[in-house]
Amino acid sequence: MATTSLTDIRNGRAGTRAQRIPAACVAIAVAALGAASIGAAAEGDALAPFLGTWSGYFTTQDDPFWGAEDIPCFPGCGRAYRDHLVALLKDPANDERPVTALLGEATAFANEQLDAILTPAGRLMRDANAPDNDPKLHCEPYGFVREVTNALPIRIQRDGEHLLVRYEEWSLLRTIYMDGRAHPEHRVGTLLGHSVGHIEDGALVVETAQINPGWIDDSSHAAHTGALTAVERYTVHENPRRLELTLTLDDPLTFTEPYVIVKTWLATPDLELLQDSCGELPGKY
C-alpha cells in the first residue's frame, strides 16, 4: 500500500471526507430542518462572540481552514503533541517522509512528555486503562475532559445571565454560572463538575471543580482523580470564524504539573445538533 507524504497533503492528493459517526455510540439520525437561531446579541455584549453552534474537524473536513496537524487533533490533543507535530510539518526536511511517520514521532514525543509529569498513582491509573474497559463501550457517557473536547458539534447559548453548553456527544447539557459565585462547599462530584465563568481580556474563562474521576483521552489512557480542577480559556477568531480552547488540567494526585489540551471548532450557524443515543455493545461500538 502506498504511503502518503507531507508533499501529497500539501498538493491536495490525500484525504476524503469521512462519514459522520459519533465516537461514543450509535447516533439516531434525526433529520434537522432549518437553521440554528441563537439570536443577535446587543452591541457590547461580552458573551455574544461565544454564542452559536461550533463544529470541529471531524464534521467539517471539507473546510480549507484545516491543516494536516488538525486531523489527529479532532478530539482535542495535548499541546505538546500539537506543537511538536506542527514543528515537524513545517520542517522542509520532512516533506517526503510518510505522514504516518511524523504522527508516530509526535505521539512518541507527547507520550514521553506526559509520562514525565505523571505521579506514580497517575502511571498506575494509566496502565490499568485499556480500550476494552473504557466505560463508553457500556454506554456510560464521557467524563468531563473527553466531553469538553469531544469530536461532535456543540452549541453555546444563554440561560438568563448564565451560559448553557449543549454537547451533541451523549446529548449532555452543562451550565456555566456567570454571576461571580464560588464553587459550593461540600458538594458531591458530578460527571461534568461545577463550572463558573467570567470574561477576561475578551476570552471566556471557565473554572470547573468537583468533577468525578475519569479518562483524559482515548489515546494515552491517562486518567484523573476527583481532585481535578480545570480552567478552560475560549477565544474567538475570524477568517474563518472559529473557537479555540486551551484546557489546563490540575490534579496533584495525577500530575506533578498542569497538563494542557488544545481544541479548535469552526462556526457552523446553520447546523442543528442531533439527538445522540447508545445501545450497549460491550467490546465494540
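Trainee: Let me start with Asp-250: which residues does Asp-250 touch, not counting those up to four places away in sequence?
Mentor: Leaving out those sequence neighbours, Asp-250 touches Ala-227, Leu-228 and Thr-229. Keep in mind that this is a predicted model. Asp-250 sits in strand β11, and with a relative accessible area of 36% it is partly exposed.

Trainee: Next, confidence. How should I read the pLDDT?
Mentor: The general idea: where pLDDT is low, the predicted coordinates should not be read in detail. Here the protein chain averages 86, and 82% of the residues score at least 70. Over residues 8-42, though, pLDDT stays under 50. The model does have 71 contacts beyond four places in sequence for that stretch.

Trainee: Now a helix. Which residues of α2 are buried?
Mentor: General idea first: an α-helix has 3.6 residues a turn, so residues three or four places apart point the same way. Now the case: Tyr-81, Arg-82, Leu-85, Leu-88 and Leu-89 are the buried residues of α2. They cover an arc of only 125° around the axis, which puts them on the same side of α2.

Trainee: What about the span of α2 from its first C-alpha to its last?
Mentor: Helix α2 takes in residues 79-90, 12 residues in all, and reaches 16 Å, close to the 16 Å expected at 1.5 Å a residue.

Trainee: On to aromatics. How many aromatic pairs does the structure hold?
Mentor: A pair of aromatic rings is described by the distance of the centres and the angle of the planes. This structure holds 6 such pairs. Take Tyr-57 and Trp-66: the ring centres are 5.9 Å apart and the planes stand at 90°, so this pair is edge-to-face. Tyr-57 and Trp-66 are both buried. Ring pairs also link Tyr-57, Phe-65 and Trp-66 into a cluster.

Trainee: What kind of pair do Tyr-234 and Trp-265 make?
Mentor: Their centres lie 6.3 Å apart with the planes at 35°, so that pair is tilted. Tyr-234 belongs to strand β10 and Trp-265 to strand β12 (residues 259-267), so the pair ties together parts that are 31 residues apart in sequence. Tyr-234 is buried, as is Trp-265.

Trainee: Last topic, the backbone. Is the peptide bond from Asn-239 to Pro-240 cis or trans?
Mentor: It is cis, with omega near -5°. Pro-240 lies in the loop between β10 (229-237) and β11 (242-250). Asn-239 is in that loop between β10 and β11 too, and has a positive phi of about 55° although it is not a glycine.

Trainee: Is Asn-239 buried or exposed?
Mentor: Asn-239 counts as exposed, at 75% relative accessibility.

Trainee: And where is Ser-171 found?
Mentor: Ser-171 is in the loop between β4 (162-167) and β5 (172-177). Its phi is near 55°, again a positive value in a residue other than glycine. With a relative accessible area of 30%, Ser-171 is partly exposed.

Methods:
Residues are numbered from 1 along each chain as its sequence is written. This is a predicted model: local features need pLDDT of at least 70, side-chain atom pairs count only at pLDDT 80 or more; totals for chains, interfaces and linings use all residues. Side-chain values use heavy atoms; hydrogens and water are left out. Helices (H or I, at least four residues) and strands (E, at least two) are DSSP runs, numbered from the N terminus. Buried means under 20% relative accessible area, exposed over 50%, partly exposed in between (1.4 Å probe, protein chains only). The expected span of a helix is 1.5 Å times one less than its number of residues. The arc is that of the directions from the helix axis to the C-beta atoms. pLDDT is the predictor's confidence in each residue, from 0 to 100. Contact means heavy atoms within 4.5 Å. Rings of Phe, Tyr and Trp (its six-membered ring) pair if their centres lie within 6.5 Å; planes under 30 degrees apart count as stacked, over 60 as edge-to-face and the rest as tilted.
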